[in-house]
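Walk through this structure from the whole chain down to single residues. Keep the sequence and the model open side by side.

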Amino acid sequence: MRVVTADLPDPGPNLPRPHRVLALMERATLDNKFARIGARLKIADRPARRFRTPSVISLDVQTDRKGEFFEIAQQSGAAAAVEVLDVQPADRHLLLLVREGKEKSKYLCGHDERHWFVAGIPDKAAVGTVRQAKEALKPTEVQADQARNRIKGNARNRRKNAAYVRQGEWFFIPAREVAIAEELVLRNEPLTRGNGGKPHWAEFCYRTGGETVYVCSRHPSGITEVEYRRIVNGNARAKNRGWQTMRRNPGVYVRGRVRHPDHKTIVLHGWHRVLMNTENQSKAMRNVAFLD
């Protein structure tokens, strides 16, 4: 299952060495593994100047005339190894391991409702199966709520159970005892992880605490007020970048409809605490070009 690099004959000391290429037999093995979950895979070699991520391997979900497909791209001349650790055809998920030198990264590749996705697994999580990868992507609070509600077996993989409701990378936990200041409730508020992806929209939203940040297309993760003042004071045109004031890491509670173009709209009866999955704890996400 490993994608290895095939060394071409040494051209001698005075000639450039040809770049390494992925072995065709191993490409076919990867194709077969992805085909078992109903997905297409394309493997590409690209020069560094055209690469989408800072790493030598890039994982992406793209679309052509036949529909969506996974793409694994490798910088020309770079050596890496790719291995499928677990395949769950009925669940349409697989667990991928990428080795770049001494570094190892794991990714959950699968289908969620309407589209294929790639999610980096937190570096500290010791996982070897799809089921373990899914659990590793759940925040600690979600896992604790599962235990309190005695959620077991396949119920843990459902998008809705007694512990939570999930939509994409967001988890919603019932918050029956939270005190909401109704005058501060916002309508049609975006939920975003600050990476340029498409937001989820909540019908009613209440935020408390957190840090005020300034967001624009050049700074999607937000900058502090000190950094914002430095930028706009040093460049008069910077004021016209469409800045928005947002809160970083606040306590967020929502109710009502939550919608996203790639997911079925969910309806939350009563206030729910909002938690994002743990893929932001993964250095592996630097290799992922696809954002929902």
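What percentage of the 292 residues in the protein do buried residues make up? Buried residues make up 46% of them. Buried here means under 20% relative accessible area, exposed means over 50%, and partly exposed lies in between, with a 1.4 Å probe and protein chains only.

This is a predicted model: local features need pLDDT of at least 70, side-chain atom pairs count only at pLDDT 80 or more, and totals for chains, interfaces and linings use all residues. Residues are numbered from 1 along each chain as its sequence is written, and side-chain values use heavy atoms, with hydrogens and water left out. The term pLDDT is the predictor's confidence in each residue, from 0 to 100. The protein averages a pLDDT of 83, and 83% of the residues score at least 70. Over residues 1-22, pLDDT stays under 50. For that stretch the model has 45 contacts beyond four places in sequence. A contact means heavy atoms within 4.5 Å.

The protein has four helices and 18 strands. These are DSSP runs numbered from the N terminus: helices are H or I with at least four residues, strands are E with at least two. Take the contacts between residues at least 6 apart in sequence: 57% of them join residues at least 24 apart.

Start with an open sheet of three strands. Its order is β3-β5-β4, with mixed pairing. Two strands pair if DSSP finds at least two bridges between them. The edges are β3 (41-46) and β4 (57-64), each with a single partner strand, so one side of each has no neighbour in the sheet. Neighbouring strands of this sheet are turned by 30° against each other on average, direction ignored. Axes are lines fitted to C-alpha atoms, for helices over the stretch in contact, and angles run from 0 to 180 degrees between N-to-C directions. Strands β4 and β5 (residues 67-75) run antiparallel and are joined by eight bridges. Within that pairing, T63 has E68 in β5 as its bridge partner.

Now turn to the rings. A pair of aromatic rings is described by the distance of the centres and the angle of the planes. Rings of Phe, Tyr and Trp (its six-membered ring) pair if their centres lie within 6.5 Å; planes under 30 degrees apart count as stacked, over 60 as edge-to-face and the rest as tilted. The whole structure holds five aromatic pairs. In one of them, F34 and F70 have ring centres 5.3 Å apart and planes at 55°, so the pair is tilted. This pair links distant parts of the chain: F34 is in helix α1 (residues 24-36), F70 is in strand β5, and they are 36 residues apart. Both F34 and F70 are buried. The rings of Y228 and W243 have centres 5.0 Å apart and planes at 80°, so that pair is edge-to-face. Y228 lies in helix α4 (residues 225-234) and W243 in the loop between α4 and β16 (244-248), so the pair ties together parts 15 residues apart in sequence. Y228 and W243 are both buried. Ring pairs also link F34, F70 and W116 into a cluster.

Charges meet rings too. The charged end of K42 sits over the ring of F69, 4.3 Å from its centre. Here, a charge sits over a ring if NZ of Lys or CZ of Arg is within 6 Å of the ring centre and within 35 degrees of the ring normal. The charged end of R255 sits over the ring of F204, 4.3 Å from its centre. R255 also touches E203. E203 is in strand β13 (residues 200-208) and is buried, at 19% relative accessible area.

Move on to strand β11 (residues 170-174). Four of its five residues are buried, so β11 is largely enclosed by the rest of the structure. Strand β10 (residues 165-167) runs antiparallel to β11, with three bridges between them. R166 stands opposite F171 in β11. The hairpin of β10 and β11 has two residues between the strands, and G168 takes a positive phi near 60° there.

Five bridges join β11 to β18, again antiparallel. P174 has H272 in β18 as its bridge partner. V274 is also found in β18 (residues 263-276). At 11% relative accessibility, V274 counts as buried. Its contacts beyond four places in sequence include W170, F171 and F172. The C-alpha atoms of V274 and Y164 are separated by 9.9 Å, though these residues are 110 apart along the chain.
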